[in-house]
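The following note sets out points for a colleague's review. Please read each one against the structure shown here.

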Amino acid sequence: MTKTPALSRAAAGVAPAAPVRIVHLGLGNFFRAHQAWYTAHAPDADRWGIAAFTGRSTQLAKTLDCQDGLYTLITRGRDGDAAEIVQTLSRTHAGPDIAELVGYLADPRVAVITLTVTEAGYARGPEGRLEQSRPDVVADLAALRTGNPIELRTIPARLVAGLSARRAAGAGPLAVVPCDNLPDNGHVVASVVGDFADLLDPSLRLWIEGNVSFVTTMVDRITPATADGDLIVAARLTGLADAAPVVTEPFSEWVLSGEFPGGRPAWDAAGARFVPDVVPFEERKLWLLNGGHSLLAYAGSARGHGTVAEAMADPVCRAWLDQWWDEAAPQLSLPADENADYRNALVTRFTNQAIRHLLAQIAADGSQKIPVRILPVLRRERSVGRLPPGAIRALSAWINHLRGAGAPLKDVAAGHLLELADGPIEDATRRVIAFLDADLAGDEELITATVESARDLHGSTSQAWTKLATEVPPVPKTRS
């Protein structure tokens with residue numbers, strides 16, 4: 001039996017790697033299905049190679065390095081699979097390799113830094129600024145002050161280390177482009193990086209403000225974790241053995257707003273949109289897609305469903321989703337017909353059974369997601385005296401999740417949240433809502449409605465509740 005040749009540039013018959021002009025932090029499936037894919041489809045892709053860094057792990061970087069940075073992107077639609085070999089990764093590194101990161105950012109040819117590190121990756125405190133008391137932030141600051149850090153654990157510290165080296169090298173301006181599901185993510189990253197730089201060297205903060213552009217983006221493409229069977233599919237479709245293929249859906253969207261002082265790939269020719277204001281697109285995606293996902297993750301998993309498509313096939317979950325969308329859509333500023341088209345497209349995407357989008361993956365880090373996906377709509381509804389059942393259901397489903405319903409709890413604040421959610425449901429609800437928003441915790445009508453919703457959801461679940469331990473096994477990441 002003939003052995004399938006391993007994926008490499010020679011085996012695939014593709015050109016040598018492009019020169020590195022983009023650095024990416026957060027080497028994972030979503031980045032490879034989205035930003036790397038857009039770069040590959042830009043007409044000037046041969047000028048824009050990417051050096052990508054993992055988080056703390058090393059294995060994916062090693063695997064892709066053995067494949068010359070190549071990987072197979074499997075687009076999984078209702079009519080079957082299609083595959084392409086993406087060539088834009090010129091180098092791959094483990095996240096802790098700070099010397100390599102600093103070296104790239106000191107190179108004037110590098111013009112863009114992109115990031116996909118999840119909402120929890122920016123070391124933000126409750127006010128949205130850098131949480132300076134965090135042990136990892138304190139340790140990173142101490143390491144940078146020595147002038148020879150071996151390992152930096154936080155994203156703000158890694159960015160500051162690289163930007164400090166860029167200033168010292170006189171390498172010129174560049175753009176930082178976060179691609180995580182955070183409102184005004186460019187401002188968020190500018191704030192935490194500026195705060196960290198100020199602690200290290202106030203003059204560095206001033207240099208960053210004058211030389212670094214922080215671009216705000218909205219990203220959208222459902223990208224589940226890779227399964228063992230996907231390796232077989234990649235080999236069948238390409239004739240090459242790929243140890244790190246990526247599966248994604250046909251739909252993709254990228255909206256950006258900001259300056260690129262050192263240049264950028266022609267992403268617009270690949271379908272990206274450059275607009276004066278990302279907020280309308282960002283709100284639509286966060287509230288309709290991501291908010292809908294969170295509702296299904298907590299309420300749907302409590303009803304025994306494992307994937308988004310399974311929850312969508314449940315008439316009860318589907319009615320809950322429609323009710324949430326009916327509340328959220330009128331709050332959007334984009335034209336109503338565009339929102340209706342987007343909503344119809346979401347139904348098609350959510351019911352695509354070929355994409356195994358696990359609810360347990362979506363449920364992770366709810367403390368970072370509920371405030372930006374659900375609370376804005378809830379606040380607007382309460383400001384005009386309404387008690388929106390869809391938003392309240394999403395909130396109460398998350399509270400039940402903290403109390404043991406449905407998907408396993410995986411959250412950066414898990415220990416604290418378990419304490420808040422313990423005890424009588426009335427007390428737990430008030431404490432959890434206070435954790436999210438102190439003002440809402442004083443809204444007695446809302447508290448009462450949320451408690452009633454939590455009890456109603458409890459009665460509608462098909463699973464027995466079990467008290468969760470603080471430590472639970474991690475679930476693979478799925479992004480959208």
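Predicted model: local features only at pLDDT ≥ 70, side-chain atom pairs only at ≥ 80, totals over all residues.

1. Leu231 is partly exposed, with a relative accessible area of 32%; in this scheme buried means under 20% relative accessible area, exposed over 50%, and partly exposed in between, with a 1.4 Å probe and protein chains only. The residue belongs to helix H10, where helices (H or I, at least four residues) and strands (E, at least two) are DSSP runs numbered from the N terminus. Beyond its neighbours within four places in sequence, Leu231 is in contact with Thr226, Asp242, Ala243 and Pro245, contact meaning heavy atoms within 4.5 Å.

2. Residues are numbered from 1 along each chain as its sequence is written, and side-chain values use heavy atoms, with hydrogens and water left out.

3. Confidence is expressed as pLDDT, the predictor's confidence in each residue, from 0 to 100. The mean pLDDT of the chain is 93, and 96% of its residues reach 70 or more. Over residues 462–478, however, pLDDT stays under 50, and for this stretch the model has 43 contacts beyond four places in sequence.

4. Asp228 is also in helix H10, which spans residues 228–238. Asp228 is exposed, with a relative accessible area of 71%. Its C-alpha atom and that of Ala175, 53 residues apart along the chain, are separated by 37 Å.

5. The axes of helix H7 (residues 155–169) and helix H8 (residues 185–200) come within 9 Å and cross at roughly 65 degrees. H7 is thus roughly perpendicular to H8. Axes are lines fitted to C-alpha atoms, for helices over the stretch in contact, and angles run from 0 to 180 degrees between N-to-C directions. Angles under 35 degrees count as roughly parallel, over 145 as roughly antiparallel, 65 to 115 as roughly perpendicular and the rest as oblique. H7 passes H8 in a right-handed crossing; a crossing is right-handed if the near helix is turned clockwise from the far one by less than a right angle, and left-handed if anticlockwise.

6. Which residues form the contact of H7 with H8? Pro156, Ala157, Leu159, Val160 and Leu163 in H7 meet Val189, Val192, Val193, Phe196, Ala197 and Leu200 in H8. By class, the residues of this contact are 11 nonpolar, no polar and no charged; Ala, Val, Leu, Ile, Met, Phe, Trp, Tyr, Cys and Pro count as nonpolar, Asp, Glu, Lys and Arg as charged, and the others, Gly among them, as polar.

7. Helix H16 (residues 366–373) has 6 of its 8 residues buried, so it is largely enclosed by the rest of the structure. The buried residues are Gly366, Ser367, Lys369, Ile370, Val372 and Arg373. The axes of H16 and helix H17 (residues 375–383) come within 4 Å and cross at roughly 40 degrees, and the two helices are therefore oblique to each other. Ile370, Pro371, Val372 and Arg373 in H16 meet Leu375, Pro376 and Arg379 in H17. This contact comprises 5 nonpolar, no polar and 2 charged residues.

8. Trp398 is placed in helix H18 (residues 389–402) and, at 0% relative accessibility, counts as buried. Not counting residues up to four places away in sequence, Trp398 touches Tyr298, Gly366, Ser367, Ile370, Leu417, Val432 and Leu436. The C-alpha atoms of Trp398 and Ala297 are separated by 8.8 Å, although these residues are 101 apart along the chain.

9. The axes of helix H13 (residues 315–328) and H18 come within 7 Å and cross at roughly 120 degrees; H13 and H18 are therefore oblique to each other. Trp320, Gln323, Trp324 and Glu327 of H13 make the contact with Pro389, Gly390, Ala391 and Arg393 of H18. Its residues divide by class into 4 nonpolar, 2 polar and 2 charged.

10. Most residues other than glycine have a negative phi. Phi of Thr118 is near 75 degrees, a positive value, and phi of Asp365 is near 60 degrees, also positive. Thr118 lies in the loop between strand S6 (112–115) and helix H6 (135–145), and is buried, with a relative accessible area of 16%. Asp365 lies in the loop between helix H15 (359–363) and H16, and is buried at 14%.
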